[in-house]
Amino acid sequence: MDGKHKFPEGTLFSGENAFIPIPEALGGGFKMVKVDEFDCSDLLSDNLSAEDSAVDGKNINYVKEIKFDIDYKSINEYESVQKTSNIAKEPNSADNEDEFVRLAKGDSFSNSDFENLNSVEVLEKLDDDETPNKRKAVKNIHEGHRERLKARYDKLGLEGFEDHEVLEFLLYFTHSRCDTNPIAHALINEFGSLEKVLKADRKFLENVDGVGKQSSLLISFCHQLMLFLNSKVPKNICLADSTAMGEFCCQFFMQRTEETFAVLMLDTKRTLQKVVIISTGTENETAYYPRNVVKEVIKHKANVVVIAHNHTGNSVHPSDNDIIITEAIFDLLAGIGVPLLDHIICCGKKFTSLSDRGLMPKDKTGRKIQKN
């Protein structure tokens, strides 16, 4: 195609065909001719406005659009073909008319901006180590902290640990690799304290990012373990007065989130023999207390009995129902010759004694049961 130089500027070529631009004044577009048959002397005559014209007796066809069949394999290695993706398409007409639809420039942020995002760990809704989905490895700002915390525990136990550090350490047993510090902080922020985290229902624990089924099971187990140990009564605990009774009962009820009614079985020297939980739940269940109390007292052959329960609100003040239940139990136990010494009510670290308040019933002779 050595004859290309004879064509005007703007001419396009495809194979043996040439597409000569037509001035806009004459309608625009292109006219197609054979490269080898084109005579430049006839170029752009006054008859270019005609739909069909002849050059050297050959027909010239006018076209408005040109499509090329490109052989990509023949493209020079230094050239490139720009491919457009779906997101690069022109917005539809509705988008064009919407003043709130804008096109992103695509170059406002550099690649390094996105790379830097990986240095911040974002907890997804997973995960114990057993969870199929794994977090991607990220830069850990607490690198080496796990080993330091374990070393502290080896030397001093939990002395000096903050609440979140206790949880962080506990979660090592379900998260063997990832940083548990953010999970521990999230739990404290959600529930308010270590004690409330341990008491929380498993389904609510699992709503916290990073806490899966294994972690919630471990936390729940720790709470149940404390209840189990508290229920084991050490030998030779003497509950000689209301102060000793109240302090013991507060510790016993401390980890319980529901209202719990218990019976303290004592011998003739006021030494505690056993604690029996009669019921847990709401005050609606108190109708079952008297019958169950008598049954357990007979079973364990108690010489003296103290009953106790906790309030889940903020007050230890005895309710009318508390007093009614105390009188019913007092009468039933009196029928089998077992004195009811006191009724202790606890709320957190606070407690009160119905005996100290003068609210304990009197026996049939009109005398109150003596504490000593």
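At the start of helix 9, a side-chain oxygen of D241 lies within 3.3 Å of the backbone nitrogen of T243. The model is predicted, and its chain contains eleven helices and ten strands.

**Helix 9**
- Helix 9 covers residues 242-253, and its end C-alpha atoms are 16 Å apart; this agrees with expectation, because twelve residues at 1.5 Å a residue should span 16 Å.
- Buried positions in helix 9 are S242, M245, G246, F248, C249, C250, F252 and F253.

**Nonpolar cores**
- The largest nonpolar core comprises 23 residues, and F261, V263, V297, V305 and I329 have the most contacts inside it.
- At least two residues of this core come from each of strand 6 (259-266), strand 7 (272-281), helix 10 (289-300), strand 8 (304-310), helix 11 (320-335) and strand 9 (340-347).
- A second, separate core has 18 residues, among them C249, F253, A262 and V306.
- Beyond its neighbours within four places in sequence, V297 contacts V263, M265, A302, V305, L333, I336 and V338.

**Chain as a whole**
- Buried residues make up 35% of the 372 residues in the chain.
- Of the contacts between residues at least 6 apart in sequence, 56% connect residues at least 24 apart.
- The chain has an accessible surface of about 24,300 Å², and carbon and sulfur atoms account for 49% of this area.

Terms used: Residues numbered from 1 in each chain as written. Predicted model: local features only at pLDDT ≥ 70, side-chain atom pairs only at ≥ 80, totals over all residues. Heavy atoms only, no water. Core = buried A, V, L, I, M, F, W, Y, C linked by side-chain atoms within 4.5 Å. Buried < 20%, exposed > 50% of the residue type's maximum accessible area, 1.4 Å probe, protein only. Helix = DSSP H or I, 4+ residues; strand = E, 2+ residues; numbered from the N terminus. Contact = heavy atoms within 4.5 Å. Areas by Shrake-Rupley, 256 points an atom, 1.4 Å probe, with all protein chains shown as cover. Expected span 1.5 Å × (residues − 1). Polar contact = N/O pair within 3.5 Å; in protein donor to acceptor, adjacent residues only side chain to side chain.
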